[in-house]
Amino acid sequence: MRAAAFTDLVGPDGVSVVDRPDPEPAQGQAVVDVDACAINRHDLWILDGDSAMVDAADLPFVSGLDVAGVVRAVGDDASVDPGDRVVLCPNETCGVCRFCRDGPENLCAEFSLYHGGLAEQAVVAADRLVALPDGVDTTTAAALPTAYMTAYHMLRRADVSPGDLVFVPGATGGVGVAGVQLANAMGARTVGTSSSSSKLAQVETLGLDHALEVTDPDAMRSAVADVGEPDAVLNHLGGPYTAVGLDVMRRGGRMLVCGRTAGGTSEIDVPDLFLGHKRVEGSTMGTQRDLERLVDLVASGTFTPAVAETYPLEETGAAFAAMQKRERVGKLVVTPSA
């Protein structure tokens, strides 16, 4: 089979298409013919050499978390059958710690993520595969696992209800777009920011209620205040925007933080935190049940994930170059079987 492997950790130029042996499923595993695999900032961090997970000793490395396709073969005791159309929940957990037993699984002490979807075939844990209804195509499904599962879990943990105001700094990024769409599906109102008016206009068509073309933290505070006091903040940027989110949200507001695109450290006003009874919580990915619920919502027509462009396997490097340039709104999806 062919795979788009990271052969040098230098950014998009470090991707090469290589030949690898076809995988064979072990007990409890399945081999999936990969129709589609969305890429994420997580993959790009690895490719840029900005991840503690992968270094030069691991090369060539095949990334790709968001796998959707058709089951080709199964091992003993697999919970799926050849021919099943599926999407992968990329969570990898120990299965025995208190969080694996009692939930939520993404708090597992050994939590990790699957890699290997940027290939014509992927061998995966069969019990991590979610069946796709006839009305959900594999390209749409591949958009769901990382960005939409992360945003959905954040919205649930923030107790977002109909009529709430949700602030999404960086609303044109993957998690940002997902947060806007899902908040809208929940009946909440959204205020989002970006440096690009054209990209904000695209997100408005996906349900963004208040679009603010602003990146300066002080100007952002003022612009959001003009809209109202958010009940919840979905923060995938980190850096200085953590303080902005804390400052603008109402007393008793909730902020979920899932990323560090704008920086790995943040300064916050501690008195405002405790005097305002505000919550700031970390969040990583979501649960398999979250993904199952998202598939159901897509099948029912409640929302459709935004897919910006698809790329054949040979153009995986170009897909990462487009992500690096931040020119697209919506998921970028590699289609190995095309």
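Six strands, in the order E12-E11-E10-E13-E14-E15, form an open sheet whose pairing is parallel; strands (E, at least two residues) and helices (H or I, at least four) are DSSP runs numbered from the N terminus, and two strands pair if DSSP finds at least two bridges between them. This is a predicted model, in which local features need pLDDT of at least 70 and side-chain atom pairs count only at pLDDT 80 or more, while totals for chains, interfaces and linings use all residues. Residues are numbered from 1 along each chain as its sequence is written, and side-chain values use heavy atoms, with hydrogens and water left out.

At the edges of the sheet lie strand E12 (210-213) and strand E15 (279-282), each of which pairs on one side only. Within the sheet, strand E10 (residues 165-168) and strand E11 (residues 189-194) are joined in the parallel sense over four bridges, and Val168 has Gly192 of E11 as its bridge partner. Helix H5 (residues 174-185) packs on the sheet and touches E10, E11 and strand E13 (232-235), where contact means heavy atoms within 4.5 Å.

Elsewhere in the account come two helices, H7 (residues 217-227) and H8 (residues 241-248), whose axes come within 10 Å and cross at roughly 25°; axes are lines fitted to C-alpha atoms, for helices over the stretch in contact, and angles run from 0 to 180 degrees between N-to-C directions. Pro217, Met220, Arg221 and Val224 of H7 make the contact with Tyr241, Ala243, Val244, Asp247 and Val248 of H8.
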